[in-house]
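Q: Could you walk me through how to read a few whole-chain features, and then a single residue?

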Amino acid sequence: MSTAPIAFLKGHGTENDFVIVPDPGNTIDLPSSLVAKLCDRRAGIGGDGLLHVVRSAEHPDARPMAEAAEWFMDYRNADGSIAEMCGNGVRVFARYLQRAGLVGEGDLAVATRGGVKQVHIAKAQAGGEFGGLGDITVSMGRAVLPDGDVTVSVGAREWPARNVNMGNPHAVAFVDDLDHAGDLFTAPPFSPASAYPQGVNVEFVVDRGPRHVEMRVHERGSGETRSCGTGACAVAVAAARRDGADPAVTGEPVTYTVDLPGGRLVITEQPDGAVEMTGPAVIVAEGTIDPEWITPAE
């Protein structure tokens, strides 16, 4: 481990917050134990996850995508485990690149373990929220709806859930009251176990109006978070199918407003199956990590 201080930033997208570690050359060792330490809300910086910013050509997991996307989001959950994708994380990742002067407004591609994601940074608007920064839209890819019945439970309650994969797995349950989800500190049980061999993100959803829903989520490896971008996409697709709307059949896009504890996301599923997520992203702080804190003297 280097004895030099490590630069970091802190950002969030609809209050789904992240520690950002810029490392274009992939020279910083980030074992799972250190990631968990950095994401600790009392003893560390605090975050729902960590965004390791690396040039795709410098990371073995991203080199095959280097021609399509210069930058790789090496995403880690708060417990240090590796995850395929994080929708809010991609927006915050793009905002960091913009802040650092590495990209401008408009389109860019970001490599993730869930594939290359197309991103659009809207133009700034004077007087808007977060200093007028434009919202960021991420093309999240196509939803996969695996066959088979799934159930999730909290205490004595049990619900059927829609199995939706957005590059990572989700179980979407429509409930009468969001309080029925419990505290979501621990992962809600699900069955059959074979449906999600690597665990699952579980969304609990209530209706708030026509094509308008509200949700809470347990993210695997992080617990309940204030927002989950891939979860909001999974919820919108599950709600559309429940409501009898399928853009591939009608040829018309379907848009849902999804409210989360940390804010609002707008999700649109296009006739070609592409799911687009639009929402804010903001950088709130930057500094350096003390190397003596990383590796205390014995």
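Q: What does the accessible surface of the protein chain come to, and how much of it belongs to carbon and sulfur atoms?
A: Before any numbers: this is a predicted model, where local features need pLDDT of at least 70, side-chain atom pairs count only at pLDDT 80 or more, and totals for chains, interfaces and linings use all residues. Residues are numbered from 1 along each chain as its sequence is written, and side-chain values use heavy atoms, with hydrogens and water left out. Accessible areas come from the Shrake-Rupley method with a 1.4 Å probe, and for residues only the protein chains shown count as cover. Here the protein chain has about 13,000 Å² of accessible surface, 48% of it from carbon and sulfur atoms.

Q: How many of the 298 residues, as a percentage, count as buried?
A: Buried means under 20% relative accessible area, exposed over 50%, and partly exposed in between (1.4 Å probe, protein chains only). In the protein chain, 50% of the 298 residues count as buried.

Q: And what about Thr27, buried or exposed?
A: Thr27 is exposed, because its relative accessible area is 68%. You'll find Thr27 in the loop between strand 2 (16–22) and helix 1 (32–39); helices (H or I, at least four residues) and strands (E, at least two) are DSSP runs, numbered from the N terminus.

Q: How many helices and strands does the protein chain have?
A: Five helices and 18 strands.

Q: What share of contacts joins residues at least 24 apart?
A: A contact means heavy atoms within 4.5 Å. Taking contacts between residues at least 6 apart in sequence, 61% join residues at least 24 apart.
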